[in-house]
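I opened this notebook page to record a few local look-ups. The entries follow the order in which I made them.

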Amino acid sequence: WVAHPDTDEVVRLDPGTGRVVARIKLGRLPFQVAPGDRRFLPSLVAVGAGAGWVATGRGAVARIDLASNRVAAVIKLLPASPAGIAVAGGSVWVAAGGDGVARIEAATNRLLGTIRLDLYAERVAVGGGAIWVGGPTTDPIVEIAGAVARIDAATGRVREIVPTGLPIGLAAAAGAVLVTEPDAVGGALECIDPERLPAAMTLQPALGELAVGGGAVWVADRRGSLVYRLDPDRLPC
């Protein structure tokens, strides 16, 4: 799934062939952003709970029906502006900056509320029954620049908040979460595991966004057009 804000649509691709399966027009928002302006302008996409979910920085999430490739509902998130989106535990979780994490019940398309955090929610990942949310810390007592919160996917309770460097990328794997952080020399990769203390390793590339799949960890180079494949057995946890 690829969001195209310039055409106000989402392109759905076949994972086996890479061919375009559908071009889904998102239509107009049910509210005005400015006089006469109801453009959707999609920015983030997630798939889960039997639907596709498309967020816009204008404060809304659209539910896409997988069978018809049509918009089934639009959920308003005011005043939140989505910065990240993921699906787990029957809910859609939207990282919304200083507003925390918004939770949408997938079965009803109902906004259940927002979980406030001592961090500016910019990244969200799911795994091991947990929602991991990372971003710059807003706690004036903490000297480290960033933090990652672990939220129970079933209850929505915040289990812990771990101080880290400023999270650039965030990806969950095997019950833990991997975080890429800025480093004076190169890129730092930190692993947070609920069963042990955080562990970190320093890598030479300027690491950026993270993804996990196919038995490997994939990391984008922030300085160029490279993608690195990391062997999980060589990671700190």
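**Entry 1: Ala-171**

I located Ala-171 in strand S16, which spans residues 169-173. The model I am reading is a predicted one.

I next listed what Ala-171 touches, leaving aside residues up to four places away in sequence. The contacts are Ala-125, Ala-176, Val-177, Leu-178, Leu-210, Ala-211 and Val-212.

I also checked the separation of Ala-171 from Arg-223, which lies 52 residues along the chain. Their C-alpha atoms are 20 Å apart.

I turned to strand S10, residues 101-105, and found four of its five residues buried.

On one side of the pairing list I noted strand S9 (residues 91-95), which runs antiparallel to S10 and is joined to it by five bridges. Val-92 has Ile-104 of S10 as its bridge partner. The two strands form a hairpin with five residues between them, and Gly-97 in that turn has a positive phi of about 60°.

I then noted strand S11 (residues 110-115), which pairs with S10 in the antiparallel sense, again over five bridges. Here Glu-105 is bridged to Arg-110 of S11. Four residues separate the strands of this hairpin, in which Asn-109 takes a positive phi near 60°.

**Entry 2: rings**

How many aromatic pairs does the structure hold? I recorded zero. I did find the charged end of Lys-76 over the ring of Phe-31, at 4.6 Å from the ring centre.

Notes: Residues numbered from 1 in each chain as written. Predicted model: local features only at pLDDT ≥ 70, side-chain atom pairs only at ≥ 80, totals over all residues. Heavy atoms only, no water. Phe/Tyr/Trp six-rings, centres within 6.5 Å; stacked < 30°, edge-to-face > 60°. Lys NZ or Arg CZ within 6 Å of the ring centre and 35° of its normal. Contact = heavy atoms within 4.5 Å. Buried < 20%, exposed > 50% of the residue type's maximum accessible area, 1.4 Å probe, protein only. Pairing = 2+ DSSP bridges.
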